[in-house]
Amino acid sequence: MFSIHDEPSIIGLLEANGHKKFRYAQVENAIYKNLISDFDKIETLPKDIRTLLTENCFYNSLSLHSEKTGEDGQTTKFLFKTHDDKMIEAVIMRHLSGRNTLCVSCQAGCPMGCTFCATGKLGLIRNLEFHEIIDQIMYAVNHLAREGKTLRNVVYMGMGEPLLNYENVKRSIQIACGQKKLDLSNRRITVSTCGIAPGILRMAEDFPQVSLAISLHAPTDEARKKIMPVENTYPLTVLMEAIDAYVAKTNKRIFYEYIMIAGVTDRLEYIGELAKLLEGRLAHVNFIPYNPGEGFMGTWYQPTSKIMIKKFQEGLEKVGIPSTIRHTMGDDIDAACGQLALKEEGVSLATETGKSLGKPTVSL
Ligand code: SF4
């Protein structure tokens, strides 16, 4: 059995059974344009092809474990179970401007071990297959369609480090943006990395239109090392070299994510350090007020005061770097950044037997 999103396998199956090439175009149209999720309902296909597909393909590899919508109705979190009982999460964010964004997971757990992140506490459980990423997107597309809405943006900011699961992420972006497939704009896809330098260089080659977000979170090697083990493998100088090469190739502004944790990432001297690091670079900084999570290491972390965040913004303004304070969506349903793996209806994801690698191992 293989996924309906596995184009080469479907084409091979059709050909092996003597069917003409145009039949795949009909399958593609039914799935991605007409959002038909039952092979038997693809009326453009003869019965024997529908049976062939039913016997050999699956439409969705994820089963919905739970769904929660925040009080403001803007955020919906889906907890999915994979075929081998791993839990992964995706979050729809309905912005007041009318655009709808989906945050997807690319790994079950994450090997990167950032100290402020609940997902990092799990360690890596396994990489997701490309179709498991697309299944999250298809689920959201269908969910929003039932509300009369469309999906506009996809951010790879859920569980996992996208650039450590590069081939599957790449294939999922190709399906999400393929004209004959979901046809999302490349520009409305954002891949967020904690700083996997070789992956950034590959992104510049493969997806120069896709947006890149860097989880920076601290402006010096020393400060970063305390909260992000990736710094041991790709120190800031290596990371910034990769980013500069990316910008030289794409001419795209980089989004830097900076989590504001009182006494940890918001020290006064970091204002100048951050300004110095980004001065002259094509950058936009998103300040993320820390969301205290419940019951995992780092509970002593506290969010920074709004006054302090403003001071950081002023420091950046002086060197001409724009910034915004990220509005926290979904913290009442544990859907905000860093809370994605917290307890859900009695299911503790932290009981999964993930293995934290501490230092990332990269195979790109
Ligand atoms: S912040 Fe991102 S890279 Fe770091 S542990 Fe969490 S999911 Fe992994």
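The chain folds into 11 helices and 14 strands, where helices (H or I, at least four residues) and strands (E, at least two) are DSSP runs numbered from the N terminus. This is a predicted model, in which local features need pLDDT of at least 70, side-chain atom pairs count only at pLDDT 80 or more, and totals for chains, interfaces and linings use all residues. Residues are numbered from 1 along each chain as its sequence is written.

Ten of the strands line up in an open sheet with mixed pairing, in the order 3-4-5-6-9-10-11-12-13-14; strands count as paired if DSSP finds at least two bridges between them. Strand 3 (63–69) and strand 14 (323–325) sit at the edges with a single partner strand each, so one side of each has no neighbour in the sheet. Further in, strand 9 (residues 153–156) runs parallel to strand 10 (residues 189–193), joined by three bridges, and Val154 has Ile189 as its bridge partner.

Buried residues make up 45% of the 364 in the chain; buried means 20 or more other C-beta atoms within 10 Å of a residue's own, with C-beta atoms placed from the backbone. Ile31, part of helix 2 (residues 22–33), counts as buried because 20 other C-beta atoms lie within 10 Å. Leaving out residues up to four places away in sequence, Ile31 touches Ile4 and Ile36, a contact being two C-beta atoms, placed from the backbone, within 7 Å. Lys181 is 150 residues away from Ile31 along the chain, yet their C-alpha atoms are separated by 8.1 Å.

Note on methods
A residue is buried if 20 or more other C-beta atoms lie within 10 Å of its own, exposed if 12 or fewer, and partly exposed in between; C-beta atoms are placed from the backbone.
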